[in-house]
Amino acid sequence: MPQHTPDIAPTPGLPVTLAPGLRCILAPNPSSMTLHGTNTYLVGSKGLAVIDPGPADPAHLAAIRAAVGPDQHISHILVTHAHLDHSPLARPLATLTGAPVLAYGDATAGRSALMQELAATSRQDIGGGEGVDAGFAPDICLADEEIVQGDNWSIAALWTPGHFGNHMCFAIGDAILTGDLVMGWATSLISPPDGDMSDYMASCRRLSARRPHTLYPGHGAPVTQAVARIEQILAHRLTRETAIIQALKRGPADARTLAAILYQDTPATLLPAATRSVLAHLIDLTQQNRIFPQSALRMDAVFESHEI
Ligand SMILES: [Zn+2]
């Protein structure tokens with residue numbers, strides 16, 4: 001959900017230098033969910049790592065290739081997660097350059113046991129699946145904390161599920177490329193079964209504990225107050241959690257009803273995403289035995305609180 005007016009948009013296709021050995025190219029896919037578009041990052045000065053090649057857009061593929069200088073080459077392609085705005089250009093770029101695609105796993109990798117169950121037994125009932133790049137398959141699956149070494153750079157891959165099961169953040173020194181886990185201008189969409197609120201909170205706490213200096217998100221400008229921003233997001237989620245429990249104390253309700261109550265100031269176009277996040281909270285709170293569904297977990301399940 002967008003939270004404040006963002007910075008001025010960079011020009012799509014033109015590389016912007018953010019730090020020594022770190023450039024960003026904006027993809028031309030602006031939307032309410034992607035802000036100005038997807039940030040494709042280039043790491044290194046000779047052998048380059050491309051992080052999140054972006055959506056299937058020939059112009060963006062050409063822009064990435066044009067950013068590679070005569071004495072440079074692409075040696076690695078890293079993907080934060082298998083969403084259509086981040087991963088589809090990975091394969092065409094790999095074919096053109098010979099560089100391998102590295103990620104945690106395919107589009108279903110990294111789901112929690114409960115989310116696997118919800119996806120398998122009641123996929124239609126639980127909804128979700130927005131924007132999944134179902135055909136995504138890396139050449140190399142990265143383990144949590146695995147170090148990827150390149151030409152004068154070193155990237156630590158951190159498995160950070162929550163927004164998406166196969167989501168990874170990439171740490172370079174005291175900076176972290178956060179994909180869609182943490183952004184400066186909006187909170188992440190958490191849509192079960194790909195999104196998991198319990199995992200999301202744990203991943204955010206883990207990033208905060210690393211005390212990063214700067215975050216480079218998949219959408220929007222770099223975040224310099226890195227730890228403060230992560231803590232703000234965690235506090236925001238806990239506030240939502242409390243509000244959901246308070247609302248359920250007034251009577252049983254489903255995700256849609258609760259979203260209409262809790263997101264009264266939200267534009268109608270964003271209410272479906274808000275409803276998905278409420279459902280993610282409801283599943284998380286059910287896991288914590290703080291609320292109880294009156295039926296099997298599904299999109300229209302009614303939940304109740306036994307708290308007074
Ligand atoms: Zn995403």
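The zinc ion has four protein donors: His81 (NE2), His83 (ND1), His163 (NE2) and Asp180 (OD), at 2.1 to 2.2 Å. Donors are N, O and S atoms within 2.8 Å of the metal (3.2 Å for Na, K and Ca), and sites may look incomplete as water is not among the atoms. The model is predicted: local features need pLDDT of at least 70, side-chain atom pairs count only at pLDDT 80 or more, and totals for chains, interfaces and linings use all residues. Residues are numbered from 1 along each chain as its sequence is written, and side-chain values use heavy atoms, with hydrogens and water left out.

**Zinc site**
- The four donor atoms subtend angles of 87 to 169° around the zinc ion, so the arrangement is irregular.
- Four donors count as tetrahedral if all angles lie between 85 and 135 degrees; four count as square planar and six as octahedral if opposite donors are over 155 degrees apart and all others between 65 and 115; anything else is irregular.
- The donor spacing in sequence is H-x1-H-x79-H-x16-D.
- His83 sits in the loop between strand 5 (73-78) and helix 2 (90-97), and Asp180 in the loop between strand 11 (175-179) and helix 5 (197-209), so this pair ties together parts 97 residues apart in sequence.
- Helices (H or I, at least four residues) and strands (E, at least two) are DSSP runs, numbered from the N terminus.
- His83 is buried at 9% relative accessibility, and Asp180 is buried at 6%.
- Buried means under 20% relative accessible area, exposed over 50%, partly exposed in between (1.4 Å probe, protein chains only).

**Aromatic pairs**
- Rings of Phe, Tyr and Trp (its six-membered ring) pair if their centres lie within 6.5 Å; planes under 30 degrees apart count as stacked, over 60 as edge-to-face and the rest as tilted.
- The count by this rule is two aromatic pairs.
- Tyr41 and Tyr216 pair edge-to-face, at 6.1 Å centre to centre and 65° between the planes.
- Tyr41 is in strand 3 (residues 39-43) and Tyr216 in strand 12 (residues 214-217), 175 residues apart.
- Both Tyr41 and Tyr216 are buried.
- Tyr104 and Trp159 are stacked, because their ring centres are 4.7 Å apart and their planes at 5°.
- Tyr104 is partly exposed at 21% relative accessibility; Trp159 is partly exposed at 25%.

**Ile155**
- Ile155 lies in strand 9 (residues 154-159).
- Ile155 is buried, at 0% relative accessibility.
- Beyond its neighbours within four places in sequence, Ile155 contacts residues including Val43, Leu78 and Phe170.
- Contact means heavy atoms within 4.5 Å.
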